[in-house]
Amino acid sequence: MGRGKFKGKPTGRRNFSTPEEIGNDAPLRPFPFISFGFGGIRCRNIAEEEVEEEEREESEEEESEDESDDKPKHKGTEGLIQIENPNLVKAKNIKAKEVDLGKTTELSRREREELEKQKAHERYMKLQEQGKTEQSRKDLERLALIRQQRADAAKKREEEKAAKEQRKAEARK
């Protein structure tokens, strides 16, 4: 059994003899239990110890009977201390027969906001594919302008190439 932070002395506890034992000069029996009450130090005599042993045996028998009951065993100090924790959520055991499949679970605020955000993004992407959003219109205008510039640049290159070939042909003649 734990005795706390510090170990006791190796000599053990002190044993005090009662005045009756001193007077009887009987073989001394050590008293392992000393109670400190309001009246000071009081040594327990042999009769008190025997009564306590009987009580312990009776309580052990009762405990063995209690163990046979269907009481859940507690871990650690749960059985010793009554805890009134309002935040403690006890697991509810639901049988498979009692499960209601039609019942929808309510989403938390964060989950609900996340779903709304995903749906809004999907709607926006769908509109953007159709070209109905402002950003998609600007992108399409930019693309049209770039295509026009590339087409003009390609025509210009073709014309320059044709002009170059004409000069080469005239230079050969």
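Start by selecting helix 3, residues 109-130, in this predicted model. Helix 3 holds 22 residues and spans 32 Å between its first and last C-alpha, close to the 32 Å expected at 1.5 Å a residue. Now step just past the end of helix 3 and click on Gly 131, which takes a positive phi of about 80°.

Go back into helix 3 and show the side chains of Arg 109 and Glu 113. They meet in a salt bridge, with N and O 3.3 Å apart. Why can these two pair up? In general, an α-helix has 3.6 residues a turn, so residues three or four places apart point the same way. Glu 113 and Arg 109 are four residues apart in helix 3, and therefore about one helical turn separates them. Colour Glu 113 by accessibility and you will find a partly exposed residue, with a relative accessible area of 42%.

Next, select helix 4, residues 134-172. Helix 4 has 39 residues and reaches 57 Å from first C-alpha to last, close to the 57 Å expected at 1.5 Å a residue. How many of the 39 residues of helix 4 are buried? The number is one, so helix 4 lies largely in the open.

Stay on helix 4 and bring up Glu 134 with Lys 138. These residues form a salt bridge whose closest N and O atoms are 3.9 Å apart. Their spacing repeats the theme of a turn: Glu 134 and Lys 138 are four residues apart in helix 4, which puts about one helical turn between them. Glu 134 counts as exposed, at 55% relative accessibility, while Lys 138 counts as partly exposed at 45%.

Then move to Asp 139 and Arg 142. Their side chains also meet in a salt bridge, at 3.0 Å from N to O. Here the two residues are three apart in helix 4, again separated by about one helical turn. Asp 139 is partly exposed, with a relative accessible area of 26%, and Arg 142 is partly exposed too, at 48%. If you search the whole structure, the count of salt bridges comes to three.

The largest pocket has a volume of about 340 Å³. Select its lining: His 74, Glu 78, Gly 79, Ile 81, Gln 82, Ile 83, Glu 84, Asn 85, Leu 88 and Lys 90. Colour these by type and you get three nonpolar, four polar and three charged residues.

Zoom out to take in the whole protein. Its secondary structure comes to four helices and two strands. Follow the chain from the N terminus and the elements run α-β-β-α-α-α. Which part of the 173 residues is buried? Buried residues make up 5% of them.

For the last stop, colour the protein by pLDDT. Which element has the lowest mean pLDDT, and which the highest? Strand 1, residues 34-37, has the lowest mean at 52, and helix 4 has the highest at 94. Over the protein, the mean pLDDT is 78, and 73% of the residues reach 70 or more.

Definitions and conventions:
Residues are numbered from 1 along each chain as its sequence is written. Side-chain values use heavy atoms; hydrogens and water are left out. On a 1 Å grid over the protein atoms alone, a cavity is a set of points where a 1.4 Å probe fits but cannot get out, and a pocket is an open set with protein on both sides within 12 Å along at least five of seven lines; lining residues have an atom within 4 Å of a point. Grid points are joined across faces, edges and corners, and a volume is the space filled by probe spheres set on the points. Ala, Val, Leu, Ile, Met, Phe, Trp, Tyr, Cys and Pro count as nonpolar, Asp, Glu, Lys and Arg as charged, and the others, Gly among them, as polar. pLDDT is the predictor's confidence in each residue, from 0 to 100. The expected span of a helix is 1.5 Å times one less than its number of residues. A salt bridge is a side-chain nitrogen of Lys or Arg within 4 Å of a carboxyl oxygen of Asp or Glu. Buried means under 20% relative accessible area, exposed over 50%, partly exposed in between (1.4 Å probe, protein chains only).
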